[in-house]
Structures are given as C-alpha cells and as structure tokens.
Amino acid sequence: MFTLFETPTWFAGFDLVLDTIALIITLIISSYSYKLFKLSSNRKFGYFSLAFALMSLAFLFKLATYTVVYFSTSRALAGATVVAVTGLTGLETVNVSLRDLIYRFGFFVQMASTLGALLLLYLVSQKSRDRLKKFYEVSQITLFTYFVILISIVATFKYTVFYLTSFVLLALIVLNYYQNYLHKKTTNSKRVLTAFICLFLAQLFFVFIFAANWFYFIAEILTLASFAIIAYVYMQVSRKQKPRSVEVKT
Amino acid sequence: MAGGRRSRLELVFDILAAIQNKGGRIKPTHLMYKSNLSHKLLNNYLEELLEKEMVEVHEIQQKKTLSKMIHITDKGLGFVEEFRRMREFTDAFGL
C-alpha cells in the first residue's frame, strides 16, 4: 500500500470509510434541498443544493484519488487504462508518474469543488442587508482582503493554501451561522453552528499536517463529526411530525 | 408572528394552517381574519386551493340558512407538514 506523506500509516484506508459516510450525507442534504427548491422555486434552496452537490463531488474525487494512490491494484488498473487509451508504452514509467498526475488532478477537482461549495454556503448563509448591514459589509471586506493576500502568497505554499482558504471561508460561514443562531435561538440552528465549528477546526488541523501527521486523523474525525451533526439535524427536520397548532404570520 | 411581506407559498401555508388549527374546517369569514387576507385575495387563493384539491367547500344547514364551510383535505395537510419541515430546515441552516 502506498502511503501519502500526510496520512498516518495505520489510518490509511480508514479515512476512505469516513469520507464515504460524509459523501452519503452531503448527497442526502443536496437532494433534500433540491426537493425544496422544486417545491418553493426559491433560489436559495437551489444554491444550497448545489453547494452540497459540490461537496459530494469533492468527496467523490478524494475517494477516487486516494483509492488509486493507496492501493497498488487500483493504481496498476488506472495505469493500464491510461496506456490503453493514450497508446503510451512503458507501463512502469507511466505508473510512477501517473501516481502524481492522478493525485494532483484529483486534488485540484476536490479543491475547486470544496472552495466553490464553501463560497456558495457563505453567500447563501448571508442575511439581508437591512438586518445585518454592518456584519455583511465587514465579512465581505474580510473575504476580499484575504483573497488579495492569498494571491501574494499562493506561489510559496502548496496544499496548505487550500486548507487555509477553506479555514477562512469556514470562519465566515461560522460567523453567519452564529448570527443565525442568535436570531433564531433554536436547537437545530445551534447544532448547525456546532457542525460548522467542527468543520472549521478540521481545516486548522489539515493546515498543520506537516507538523504532525496524526493531525490528519483528528481533522478527519472532526469532518465526520460535522457531517454527522448535519445528518442528525436533517433527520430531526424531516421526521414525520404530529399535527399541531401553528402561528399564522401577520 | 411579525415579519416582512409574505411569499405566495407562505400565504398558502397560513390559509391551510388556519383551517388545520380550527380542527380541519372553518367558516370563510373566520378564515379571512385568521389568515389576515382581504376578501378578494382569500377568494383567489381558495380557488387555486380548490383546483389543487387541498381544500373542499361543503354547504351545511344552520338553522334556516345554508352556510359554507371550508375543509382541509389530506393533500392540504400534507402540504402543511411539508412546509413546516421546510421552515425548520430554513431556520436551522440560516437560509
């Protein structure tokens, strides 16, 4: 089994199981939001559905990439497929370079779709200007300032840039959900806030994998915890409820 | 509950929820007050709800006069349930 530098040997493969669970949860949330979008024709549900669909895509590519990289059989199969399609000979050589190629391509798709998803979540979780004007403006300025700084340093960093970007986007999303919790004060909004705090902390551990590879394990557990909470909220919301009196809006 | 301008879907929910809260049937005048809609607007929505089979209008004999009673159907109750879930989802995820 091939071991990535940031993955603890004893954990390689188990992370795929955790990511598969996260993939299933994101697919469920995406499809439910899409159902709400079809029911209400409200674009915010469409964006939310798209955000979770992008997360699913990211997990799918991570799973595919890591499966090929971890397991020699999958790697050989992928190499043979490339040789068959491209007509290149020298399977051994192709296999060696293919490992990097697949990893980089998979990581690129994972990165692009995750960042796209987080950006969409950030935008869709924003409140209207009249309600949170000051907060809205401050968070927008923070985001754009961050991207300017990012462009300056992107050349000097590698994978950490991706996790740093996710970290910043999630910090803003957490602030949005904190505002939402203060506004709604419901148990489920508190749970969603907790879920995004877990995801936010996971990015912090991902950033510092270079210091200790067991940070990868903690980050993966936090990611799973985050999606497990989201799944629990979904189950709470979508369960059959007994008919009850409701307050009519005025 | 105070709030901004209600969407079309929210209005439909408020009408159906008002009927549900009165035990599944309500007089048109009461419904008008409960759902905070004008007579004209309520009639427009009721026509649509009748077409979609979410409500039924029954005529009942009260003393010497015939009066109308609006009943919510199973389809209408299903909509109320679905909308309530949607509202909880919206609140939880800050949408």
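Mentor: A helix axis is a line fitted to C-alpha atoms, for packed helices over the stretch in contact, and the angle between two axes runs from 0 to 180 degrees between N-to-C directions. Keep that in mind as we look at this model, which is predicted.

Trainee: Happy to. Let me start with chain B, then. At what angle do the axes of H1(B) and H4(B) cross?

Mentor: Helix H1 of chain B covers residues 8-21 and helix H4 of chain B covers residues 74-92; their axes come within 10 Å and cross at roughly 120°. Angles of 65 to 115 degrees count as roughly perpendicular and those over 145 as roughly antiparallel, so H1(B) is oblique to H4(B). The crossing of this pair is left-handed.

Trainee: Which residues of H1(B) and H4(B) make the contact?

Mentor: From H1(B), the contact takes in Leu9(B), Glu10(B), Val12(B), Phe13(B), Asp14(B), Leu16(B), Ala17(B) and Gln20(B). H4(B) answers with Gly76(B), Leu77(B), Phe79(B), Val80(B), Phe83(B), Arg84(B), Met86(B) and Arg87(B). Sorted by class, the residues of this contact are 10 nonpolar, two polar and four charged.

Trainee: Staying with H1(B), is this helix mostly covered or mostly uncovered?

Mentor: To read that, recall that a residue is buried when its relative accessible area is under 20%. H1(B) is mostly covered, with 12 of its 14 residues buried. Among them are Leu9(B), Val12(B), Phe13(B) and Leu16(B), which also belong to the contact with H4(B). Glu10(B) and Asp14(B) are on the buried list too.

Trainee: And what is the end-to-end reach of H1(B)?

Mentor: From its first C-alpha to its last, H1(B) reaches 20 Å, close to the 20 Å expected at 1.5 Å a residue. Just past the helix, Gly23(B) takes a positive phi of about 85°.

Trainee: How many helices and strands does chain B have in total?

Mentor: Chain B has four helices and three strands, and along the sequence they come in the pattern α-β-α-α-β-β-α. Of its 95 residues, 48% count as buried. Take the contacts in chain B between residues at least 6 apart in sequence: 51% of these join residues at least 24 apart.

Trainee: How do H1(A) and H2(A) lie relative to each other?

Mentor: Helix H1 of chain A (residues 14-40) packs on H2(A) at an angle of about 160°, with the axes 8 Å apart. The two helices are therefore roughly antiparallel to each other. H1(A) passes H2(A) in a left-handed crossing, and the contact has 18 nonpolar, nine polar and four charged residues.

Trainee: Where is Ser41(A) found?

Mentor: In the loop between H1 and H2 of chain A. Ser41(A) is exposed, with a relative accessible area of 58%.

Trainee: Which loop holds Lys185(A)?

Mentor: The loop between helix H6 (159-184) and helix H7 (187-207) of chain A. Lys185(A) has a positive phi of about 55°, although it is not a glycine, and it is exposed, with a relative accessible area of 55%. The residue comes just after H6(A). As for that helix, its 26 residues should span 38 Å at 1.5 Å a residue, and its end C-alpha atoms are 37 Å apart, which agrees.

Trainee: One last feature, between the chains. How far apart are the axes of H2(A) and H4(B)?

Mentor: Helix H2 of chain A (residues 43-70) and H4(B) have axes 12 Å apart and pack at an angle of about 65°. This crossing is left-handed. Lys44(A), Phe45(A) and Phe48(A) of H2(A) meet Met86(B), Phe89(B) and Thr90(B) of H4(B). By class, that gives four nonpolar, one polar and one charged residues. Look for Met86(B) in particular, as it also takes part in the contact of H4(B) with H1(B).

Methods
Residues numbered from 1 in each chain as written. Chains lettered and ligands numbered in written order. Predicted model: local features only at pLDDT ≥ 70, side-chain atom pairs only at ≥ 80, totals over all residues. Heavy atoms only, no water. Parallel < 35°, antiparallel > 145°, perpendicular 65-115°, else oblique. Left-handed = near helix turned anticlockwise from the far one by under 90°. Contact = heavy atoms within 4.5 Å. Nonpolar A, V, L, I, M, F, W, Y, C, P; charged D, E, K, R; others polar. Expected span 1.5 Å × (residues − 1). Buried < 20%, exposed > 50% of the residue type's maximum accessible area, 1.4 Å probe, protein only.
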